[in-house]
Amino acid sequence: MTTLMTRSQPAGGGRHALDDSAEPTSVARRRRPEPRHWALASLLILTAVLYLWNLSRNGWGNDFYAAASQSGGMSWKALLFGSLDPANSITVDKPPAATWVSGLSVRIFGLSSWSILVPQALMGIGAVALVYATVRRILLKAGTEQTATAGALIAGGVLALTPAAVLIFRFNNPDALLVLLMTAAAYFTVRACQAASWKWLALCGVALGFAFLTKMLQGLLVLPGFGLAYLLFARASWLTRARDLAIATVSLVVSAGWYVLLVELWPAGSRPYIGGSTNNSFLDLVFGYNGVARILGNSGSGGGGGHGGPGGNGASGTSFGGSTGLNRLFSNEFGNEISWLLPAALLVLVAGIALAIRRRLDRDIAIGLTVFGTWLVITGVVFSYMSGTVHPYYTVALAPAIAALVGIGAVIGWRNRESWYGTAFLGALVVAATGWGAIRAYQAGFGWPVLGWVLGALAVIAVAGLVVGRGWTGKQAAGLAAALLIAGGTATATFGVATANTTHTGSIPTAVVTSKGSSGFGGMGGMGQGGGPGAGGQGTPGTGGQGTPGAGGQGTPGGQNGAPTGFTGRTSTADGQRNHVRGQGGPGGGSANTQVVSLLKSTSTTWAAATEGAQSAAPLQLNSGKAVMAIGGFTGDPSPTLTQFKKLVAEGKITYYIAGGGGGPQRSSDISSWVQEHFTATTVGGTTVYKLTT
């Protein structure tokens with residue numbers, strides 16, 4: 001199998017040179033949209049339909065981040081810091097780059113499901129376009145323009161249909177922006193390697209710097225591979241390459257460091273508490289909750305303790321990591337979201353290494369395999385063995401790498417299909433995709449056995465057609481290519497479309513409800529009972545996520561059992577329907593007591609209310625439009641202290657304390673006890689409320 005063919009450039013000016021003797025009409029003709037432009041437009045339109053269709057079914061998505069977006073739309077300071085409430089008591093437990101985007105959207109278009117979720121869908125469309133552009137550039141010099149475009153379209157389509165991507169680009173967790181920035185960094189790296197350009201490499205540094213401001217160290221997992229690609233393939237002296245990498249490093253540090261410096265130098269008393277930290281420091285997030293501790297386990301979480309069970313491993317259900325090991329990415333919910341084409345991508349990587357050893361690999365394709373291969377391997381190994389908090393939707397970070405490798409591998413096989421090894425490789429790709437797709441469908445109980453029979457039949461037809469017609473050209477070749485694509489893509493496409501047709505709300509979304517799976521904590525619309533208390537960590541995932549009030553409920557960090565008062569799961573009783581409202585939270589999303597919400601709307605203090613935990617505060621704030629203080633934030637942070645809380649109450653800045661909240665591993669019992677001792681309880685719609693003002 002060889003991909004050494006490199007197109008020569010026209011003398012005197014390269015492929016961008018213009019023929020001065022050409023007539024003006026020929027120049028105008030070249031400016032008309034070409035078939036590849038129409039193909040790209042079709043890909044992006046179909047992606048937009050997939051990501052935007054009936055998007056509002058997901059309501060606010062994740063109430064936690066939706067509340068931060070709402071706050072950013074109300075307060076510039078809250079936007080800057082990523083505050084959970086517009087009065088700036090505490091931030092979310094991640095850097096604020098993702099909420100900058102959604103907060104600006106809320107500020108411009110007002111608060112709605114669409115203003116929160118559409119930016120995520122647009123990020124997905126942008127990521128698909130970048131994968132297309134990157135893969136086409138990688139394939140262009142080693143073959144025809146038609147096959148390069150075909151490979152790019154395959155890569156873009158794979159990314160668009162990967163279940164983890166469909167899930168996240170229709171949701172409002174920070175991973176959508178993270179994937180867009182990492183994909184942009186890959187594109188810049190490929191451009192830099194091809195042109196030996198420090199400018200393109202510096203842009204890669206900027207993209208990864210903002211990826212750090214999106215999800216910290218996870219955004220930098222691709223950095224070693226990108227640097228290696230430039231060292232190996234940039235056509236410049238070693239000294240020049242080292243200089244260019246130093247420039248890119250400075251670009252990364254500056255693009256991320258300005259914000260770190262701003263937060264660290266800002267007086268702590270005039271900014272919100274840094275959620276997830278133990279000492280109100282942004283740097284603590286880097287080395288603790290969102291950094292080393294998340295990978296190695298340690299204490300698992302910032303602020304108040306671990307999210308998981310003993311050792312920070314998490315519960316073993318579908319929404320948590322379970323046991324570490326290479327099989328993690330192929331099992332349970334991880335397998336449902338990312339593994340469908342993972343064997344095919346790994347096969348491409350192995351074949352690329354074999355070609356490289358035999359020195360039969362085109363330079364540009366070698367660049368692509370290095371960039372996306374190291375991305376897949378490093379990130380995949382980290383996800384497989386990290387013993388801190390890890391959830392299946394994190395694997396969306398692998399989707400662009402898998403998509404690019406599959407697109408590149410499909411073209412390598414197709415270009416060499418007339419040789420026996422080319423035919424064998426292309427057939428192996430199809431078998432890997434259909435075979436694992438059938439196994440995964442069986443393990444998940446998805447469409448089985450019908451989908452298994454369909455995949456088997458498609459594989460037989462496609463491989464037989466490849467053996468018989470590997471020398472076909474024209475329409476026959478086009479038909480063969482279509483058969484191969486349909487066979488290889490049916491499994492992931494079916495599950496991806498099913499993911500888009502599933503409602504996703506809560507903190508930890510999962511793809512599709514299957515007969516052998518469970519939705520876990522806050523996954524797809526909680527209809528049944530949620531998780532009970534975990535062993536020192538997050539509640540064991542239940543079969544329906546949110547749960548009925550008092551019956552397992554949220555299963556929030558720290559093993560909270562039962563829905564908090566004022567923030568309940570879905571109820572089927574008539575009284576519950578009258579007394580509680582989901583707003584736009586959707587089934588299983590954040591619910592708020594309507595009478596409490598009305599009470600909060602009538603307030604005029606800095607905070608309408610305070611309650612324990614972000615999971616309780618967010619829906620109250622979203623539905624009332626008033627600032628609600630989340631005591632302890634999401635992870636049980638020491639904010640505010642009892643002394644600080646007493647001072648705020650004395651100054652008349654908090655009107656109500658709503659009892660029974662939750663959402664942090666360590667709830668502030670001292671504040672709760674103090675309120676109970678000094679104020680009178682009243683019941684509002686079944687919720688215990690204390691009025692703190694006179």
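The legends below describe close-up views of a predicted model.

Local features were taken at pLDDT of at least 70 and side-chain atom pairs only at pLDDT 80 or more, while totals for chains, interfaces and linings use all residues. Residues are numbered from 1 along each chain as its sequence is written, and side-chain values use heavy atoms, with hydrogens and water left out.

**View 1. The open sheet of five strands.**
The strand order is β4-β3-β5-β7-β6, with mixed pairing. β4 (628–631) and β6 (681–684) are the edge strands; each has a single partner, so one side of each lacks a neighbour in the sheet. From one strand to the next the twist averages 30°. Strands (E, at least two residues) and helices (H or I, at least four) are DSSP runs numbered from the N terminus, and two strands pair if DSSP finds at least two bridges between them.

**View 2. Strand β7 and its two partners.**
β7 (residues 687–691) runs antiparallel to β6, and four bridges join the two. Across this pair, Thr 682 faces Val 689 and Val 684 faces Thr 687. Two residues lie between the strands in the β6 and β7 hairpin, where Gly 685 has a positive phi near 60°. β7 also pairs with β5 in the antiparallel sense, over three bridges; here Tyr 690 is the bridge partner of Tyr 657.

Contact means heavy atoms within 4.5 Å. Helix α26 (residues 669–678) lies across β3, β4, β5 and β7, at about 105° to β5. Axes are lines fitted to C-alpha atoms, for helices over the stretch in contact, and angles run from 0 to 180 degrees between N-to-C directions.

Ala 438 belongs to helix α19 (residues 420–444). With a relative accessible area of 15%, Ala 438 is buried (under 20%; exposed is over 50% and partly exposed in between, with a 1.4 Å probe and protein chains only). Beyond its neighbours within four places in sequence, Ala 438 contacts Trp 448, Gly 452 and Leu 455. Val 450 is twelve residues from Ala 438 in sequence, and their C-alpha atoms are 9.9 Å apart.

**View 3. The largest pocket.**
This pocket holds about 770 Å³ of space. A pocket is an open set of points on a 1 Å grid over the protein atoms alone, with protein on both sides within 12 Å along at least five of seven lines; lining residues have an atom within 4 Å of a point. Grid points are joined across faces, edges and corners, and a volume is the space filled by probe spheres set on the points. Among the 28 lining residues, Ile 154, Ala 410, Ala 481, Leu 484 and Leu 485 lie nearest the centre. Two or more residues come from each of α7 (145–161), α18 (399–415), α19 and α21 (474–500); α21 gives the most, eleven. The lining has 22 nonpolar, six polar and no charged residues. Ala, Val, Leu, Ile, Met, Phe, Trp, Tyr, Cys and Pro count as nonpolar, Asp, Glu, Lys and Arg as charged, and the others, Gly among them, as polar.

**View 4. The second largest cavity.**
About 160 Å³ of space lies in this cavity, a set of points where a 1.4 Å probe fits but cannot get out. Lys 215, Gln 218, Asn 290, Arg 294 and Met 386 are the closest to its centre of the 13 lining residues.
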